Amino acid sequence: MLKLTLVMERKPVRVYGLNSSVISIGRTEDMQIMIDNVSVSRRQAQIQLEDSGVWTVQDLGSTNGTFLNGQRLTTSHSLARGDEISFGKFALFFDSDIPAVVDRAATSPNHRGEEQTSTFYMKAEDVDQLRRAVARKRHAQLQWDAGEAHGTYYLDGEAALIGRSSRCDLRVPAGPKEHLLVTRTRQRFEIRNLAWWRRLRVNGEVVRRAVLKNGDSIAIGGLRLTFADTFAPATPQGAPSPEPAVSRIA
């Protein structure tokens, strides 16, 4: 069965099975996919199976627009596997295999339980900035810690040199001067120690180079890093299983 995976920022929320030829998305209770959040319009978008057998998506006149792979929809557009349909802080991935975790708090209207009756209006430049910021958070990243300093580095490029030198892409106050390299090849990331006098440990094991997996712990000198892969958050023990059919978010 074809499916849609709902993602809020980097975190998958729920998987919906496409068991109907028309799937309406929005904030009202009559939507097949209901997302009760002020960044979503009452009638946001619609996904439909055409007579030709092709799935299409169109915006339903939403306040802030619906985007397909980063481009704002102005007409109905066909869908291909892996396409990203985004609106506000949410995205739906068409026929994706992203593991899902139910997070009801992420999609609740607010912490007081008050009903939202209108869509929060955002300027066009704010919508674009939010879309780009959310898209960036879905990139693979390194969360680093060096003594009292810490931060997050997004792996946007093909390679990242890490160290204390001003020549480094990620400059940190502790660790190697400029001898830790992370590279991307196809759909995987690899870390390499370019220095022979410092030991690189990945998950406690001394290595010269290693292919990185989500959650890997990296240590060299006084620098500690944690690798977070794209769309691969850790699933909490006992988390509910994805629902097989289209249903509303409580």
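**Note on the aromatic pairs**

1. The count comes to three aromatic pairs (rings of Phe, Tyr and Trp, its six-membered ring, with centres within 6.5 Å). The model is predicted: local features need pLDDT of at least 70, side-chain atom pairs count only at pLDDT 80 or more, and totals for chains, interfaces and linings use all residues. Residues are numbered from 1 along each chain as its sequence is written, and side-chain values use heavy atoms, without hydrogens and water.

2. One of the pairs is Trp 55 with Phe 94. The ring centres are 6.4 Å apart and the planes stand at 55°, so this pair is tilted (stacked is under 30 degrees, edge-to-face over 60, tilted the rest). Trp 55 sits in strand β6 (residues 55–59) and Phe 94 in strand β11 (residues 90–94), so the pair ties together parts 39 residues apart in sequence. Strands are DSSP runs of E, at least two residues, numbered from the N terminus. Both Trp 55 and Phe 94 are buried (under 20% relative accessible area, 1.4 Å probe, protein chains only).

3. Phe 189 and Phe 227 also pair. Their centres lie 5.6 Å apart with planes at 55°, so this pair too is tilted. Phe 189 belongs to strand β17 (residues 188–193) and Phe 227 to strand β22 (residues 223–228), so the pair links parts 38 residues apart in sequence. Phe 189 is buried at 5% relative accessible area; Phe 227 is buried at 1%.

4. Now the whole protein. It has one helix and 22 strands (helices are H or I runs of at least four residues). Buried residues make up 47% of the 250.

How values were computed. Buried < 20%, exposed > 50% of the residue type's maximum accessible area, 1.4 Å probe, protein only.
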